[in-house]
Amino acid sequence: MARMTYSEAAKLALAEEMRRDPTVWALGEDLGPEGGVAGQYRGLQAEFGPQRIVDTPISESTIMGSAVGAAAAGTRPVVELRYCDFGLCAADEIVNQAAKIRYMTGGQARAPLVIRQTIGIREGLAAQHSQSTEAIWTHIPGLVAVAPSTPADNRALLKAAIRCDDPVVYMEHKELWTIEGEVPEEETVDELGRASVWREGSDLTIVSWSTAVHAADAACRELAEKGIEAELIDLRTLYPWDKERVFESVEKTGRLLVTHESCRFMGFGAEILAETAEEMFGALKTPPIRIGAPRIPIPFSEPLENLCRMTAPRVVAAAEKLMGHG
Amino acid sequence: MAGSRSDAAFESAHLEPITVTTQPNMDPEVERGFRHFRNMLTIRTFEEAVVKARLAGAIRGSVHPYIGEEAIAVGICANLGDEDFVASYHRGHGHTIARGADPAAMMLELYGRKGGTCGGKGGSMHVADISRGMLGANGVIGDGVTIAVGAAQAAKLLGKDSVVVAFFGDGGLNRGPVLESFNWAKTFDLPVLFVCEDNKFASTTRTKTVTAGPGPVARAAGFGLHAETVDGNDVIAVDQLSGEMIGKIREGAGPMFLHAVTYRVRGHLATDPARYRRPEEVLRHTLLDPIVRCEAWLRHHDIGDEVIDREKKNAEDYIVGAIAAAEAAPFPGVAEFIADVQDIGAPTWPA
């Protein structure tokens, strides 16, 4: 095992894939000299040259649209859109082109590309740089949606995303860039669509992803002190989500709590609750609960911004409510 | 050589190929023009039949006829080879045929049938033939242009000497992604020929009433693109000028822009009677029909009625056969419905 940050793990994954496959390349703003907003590309232009680590103009539509053309013409682009908020500038090319080119052409063309766009709140970046838009992409047929929560996952899942023949929306969380974790020495490529179980427990099932998993993990420790054993599942891939693993857990615990940083209303948690209610109603001991941000733009002012964050106390409170202690 | 790709297409057609009988010892220049004539005729005949079928309700959805603009696709695609790409827009049948796609398979596609170019799942606005470097018509104005510059970037990265042609309309010149792509292609020195097919209408609006500045060439030149204008209804002129430009681009001269001036003699859609303009205006432009002009050019080069009439009849017979085959073909089924969405999380995904 090697200790590295979430950002370093992502850089390692991309470098390994670029060494392995000469058709892999990356494009986006500020990848060269600064190495991306979090240093996740630092040094790669020196190794691979400006033709494969491409600094682009501020042209999100063409960054994304050209990647679709480049993918159809035989390469595997990794698109860096920096903030998911800017990903919306390329929403047409993601939704109307990347996601549909394979289906519309009857399978003649494919778009094997990765769309990296960071999500989440970090240090007062305010309403246009803090959103979590994952539910938009999970709704679109043709796309895979991934949101890694640890350095090890960021390496293994980014590699899987690059090797995947589908367009993958890959959502790193800005607050996780600097967290450190153990990453296996050997190359690991994870299977997309499979959850990871952080903690086993028999009293309730907590499903989460991205930075909210860390809050849930802290909450689980606190709950354990109170005698409540939660099973914590990190979905990692949101579409397709690991229904099998979640249902297996709900079968055991009979209680489901979904927690995410994005808006609760129409958040991806709603889909998980709906599917669970439809398919696992008999196993549920109590109505399932989802928690997320209020349906309010992310404010700048720190105390107000904090009201949009997912925190361990919020998870604990929801879990206790679910256990009938609330 | 001009037309060689089309011959390959007809060999792979579901129907007997259209017979092209060139005269023995035909002058190569005349033979090239003759092939242009034949290719334009195929597009025209295809489009007229498709419009009829759309009005009769046999074809569904949006159909944007390329009637009267055939010289642009045919003249330009005559200068492309197997490694080259084109990307098109909603008015894309002509580019697809000119690129050598099988018109019978395209007809199946427009009818939404099995065996269509895209298995019946794309239709008129998404017709594509990747095997012939035709990256697709497109339902979103300007998006094909971004795809084209990306294909050029990929070709460059892979060390190929491909040229990519981005076809779009005059209305598309007002979309941000198109302007981004001009800057992009010039910045990265990509082998792209941007072709603005200026048919004077953006859907049902006269483009000039919603467009600032001195025109397409000046706009392209503002991005540092070498820009030229051509009479888009003169197939010989389009062939010559685009041939020179494509040759230079292939040699590394960087991206260029061709303003091909034409006129949309039909409505925006097959179903659009285009009442927003006077019949005299349309008539004036109909007199400049590219096929009529090419026919006159051929007659001037001693190609007689017998040959011209035979080609017209061959094209007609071929398309009649394509329509009959499409009407008789089965629809795709559930297997096709759920195929080619995605690998990970496909509709058949276990969970």
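Me: Which loop of chain B holds Lys200(B)?

Reply: Lys200(B) sits between strand E3 (192-198) and strand E4 (201-202) of chain B. Helices (H or I, at least four residues) and strands (E, at least two) are DSSP runs, numbered from the N terminus. This is a predicted model, in which local features need pLDDT of at least 70 and side-chain atom pairs count only at pLDDT 80 or more, while totals for chains, interfaces and linings use all residues. Residues are numbered from 1 along each chain as its sequence is written, and chains are lettered from A and ligands numbered from 1 in the order in which they are written.

Me: Why is Lys200(B) called partly exposed?

Reply: A residue is buried if 20 or more other C-beta atoms lie within 10 Å of its own, exposed if 12 or fewer, and partly exposed in between, with C-beta atoms placed from the backbone. Lys200(B) has 17 C-beta neighbours inside 10 Å, so it counts as partly exposed. Phi of Lys200(B) is near 80°, a positive value in a residue other than glycine.

Me: How do you know whether Arg264(B) is buried or exposed?

Reply: The neighbour count decides: Arg264(B) has 25 C-beta neighbours inside 10 Å, so it is buried. Its place is in the loop between strand E7 (256-261) and helix H10 (279-286) of chain B. Leaving out residues up to four places away in sequence, Arg264(B) touches Gly68(B), Asn199(B), Lys200(B) and Phe201(B); two residues are in contact if their C-beta atoms, placed from the backbone, lie within 7 Å.

Me: Why do the buried residues of H5(A) line one face of the helix?

Reply: The buried residues in H5(A) are Glu93(A), Ile94(A), Gln97(A) and Ala98(A). Seen down the helix axis they fall within an arc of 115°, so they line one face; the arc is that of the directions from the helix axis to the C-beta atoms. An α-helix has 3.6 residues a turn, so residues three or four places apart point the same way. The cover over the buried residues of H5(A) includes H3, H6 and strand E5 (114-118) of chain A, together with helix H6 (143-157) of chain B.

Me: What makes up the side of chain A that touches chain B?

Reply: The contact involves 41 residues of chain A and 41 residues of chain B. Helix H3 (60-72), helix H5 (91-98), helix H6 (101-104) and helix H10 (243-253) of chain A each supply at least two residues of that side of chain A. H3(A) gives the most, with nine residues. By type, this side of chain A has 16 nonpolar, 17 polar and eight charged residues. Ala, Val, Leu, Ile, Met, Phe, Trp, Tyr, Cys and Pro count as nonpolar, Asp, Glu, Lys and Arg as charged, and the others, Gly among them, as polar.

Me: How do you know that chain A is as compact as a globular protein of its length?

Reply: The radius of gyration is taken over C-alpha atoms, and the globule rule is 2.2 Å times the number of residues to the power 0.38. For 326 residues the rule gives 20 Å, and chain A has 19 Å, which is close, so chain A is as compact as a globular protein of that length. Chain B, with 351 residues, has 20 Å, which agrees with the value near 20 Å for a compact globule.
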